[in-house]
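Subject: Structure handover

Dear colleague,

I am passing on the structure we spoke about, with notes on what was found in it. Please open it alongside this message.

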Amino acid sequence: MDQTLRITEIFYSLQGEANTVGLPTVFIRLTGCPLRCTYCDTAYAFNGGEKLSIDDILQQVGHYKTRYVTVTGGEPLAQPACNPLMVRLLDAGYQVSLETSGALDVSAVDSRVSKVMDLKTPSSGELERNRYDNIQYLTAHDQVKFVIADAADYQWAKQQLELYRLVEHCQVLFSPVMDVMSPTELAERILADQLQVRFQIQLHKFLWNDARGK
């Protein structure tokens, strides 16, 4: 198997979301994604990038004094060497999270990885790409994320919570689309409906105004 990956960027920042929010983390952003969500904020990762070996990637990650690594994209699982990369990181002692769209099979992801998997809402334009059989591979240290743009997205997300009994599988995150859905409105809806989910905003967008590499 080819042990190289096309990488858009490797950078050090605070984790902006999920259950390790606020922790210094190295981000490995892989190039390429088969989806085109309406609210995508990393379209620059669709193309280009630099081919690096797994050894080269681990060397760059090792420059930073943190045990937290997030593999993101694009869609990381679109590259076959993504899983071998994560295994190498885990074996080196890192705590690894994977940010994935939910459109590709996660069954081969190492169980030590914390999967942060989207279920695409109607406003994303990619609702039909959701791979619901991935839910069976989620555990208590994984997370399902709903990115919510409007009331219709919120109602749809509530339905999936009940239909798939998601809180019995994993942690559930509700996140508003920046500058589209009011964070306050989403928070109030969650409280009014007493949902057992974690409200989150993308911390890095407030700290660095969504600057690349932050």
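The notes below go through annotated sites, backbone features and a surface patch.

Please keep in mind that this is a predicted model.

First binding-site annotation

An unreviewed UniProt entry gives the feature "binding site" at Leu14, Gln15, Gly16, Arg29 and Thr72. Of these residues, Gln15 is included in the lining of the second largest pocket.

Gln15 sits in the loop that runs between strand 1 (4-14) and strand 2 (24-30). Its relative accessible area is 2%, so Gln15 counts as buried, the limit being under 20%. With neighbours within four places in sequence left aside, the contacts of Gln15 are Thr20, Val21, Gly22, Leu23, Thr25, Phe27, Thr70, Ser97, Glu99 and Leu203.

Arg29 belongs to strand 2. Arg29 is buried as well, because its relative accessible area of 9% falls under 20%. If residues up to four places away in sequence are not counted, Arg29 touches Ile7, Thr8, Glu9, Phe11, Thr42, Tyr44, Ala45, Thr72 and Gly73. Thr72, one of these contacts, is itself listed in the UniProt feature.

Are Cys37 and Cys40 buried or partly exposed? Cys37 has a relative accessible area of 13% and is therefore buried. Cys40, at 31%, is partly exposed, because that class covers values between 20% and 50%. Apart from neighbours within four places in sequence, Cys37 is in contact with Lys120, Ser124 and Glu126.

Backbone features

Gly74 lies in the loop that links strand 4 (68-72) and helix 2 (82-91).

Positive phi values in residues other than glycine are found at Arg165 and at Asp179. For Arg165, phi is about 45°, and the residue is in the loop between helix 3 (151-163) and strand 8 (171-176). For Asp179, phi is near 65°, and the loop concerned is the one between strand 8 and helix 4 (183-193). Asp179 is exposed, because its relative accessible area of 76% is over 50%.

Surface patch

Which residues make the nonpolar surface patch of about 260 Å²? They are Phe199, Ile201 and Phe206. Ile201 is located in the loop between strand 9 (198-199) and helix 5 (203-208). With a relative accessibility of 33%, Ile201 counts as partly exposed.

Best regards

Technical notes: Residues numbered from 1 in each chain as written. Predicted model: local features only at pLDDT ≥ 70, side-chain atom pairs only at ≥ 80, totals over all residues. Heavy atoms only, no water. Patch = residues over 30% accessible without salt bridge, like charges linked within 9 Å, V, L, I, M, F, W, Y side chains within 5 Å. Areas by Shrake-Rupley, 256 points an atom, 1.4 Å probe, with all protein chains shown as cover. Salt bridge = Lys/Arg side-chain N within 4 Å of Asp/Glu carboxyl O. Helix = DSSP H or I, 4+ residues; strand = E, 2+ residues; numbered from the N terminus. Buried < 20%, exposed > 50% of the residue type's maximum accessible area, 1.4 Å probe, protein only. UniProt positions renumbered as here; feature names shortened; annotations may be inferred. 1 Å grid on protein atoms, 1.4 Å probe; cavity = no way out; pocket = protein on both sides within 12 Å on 5 of 7 lines; lining within 4 Å. Contact = heavy atoms within 4.5 Å.
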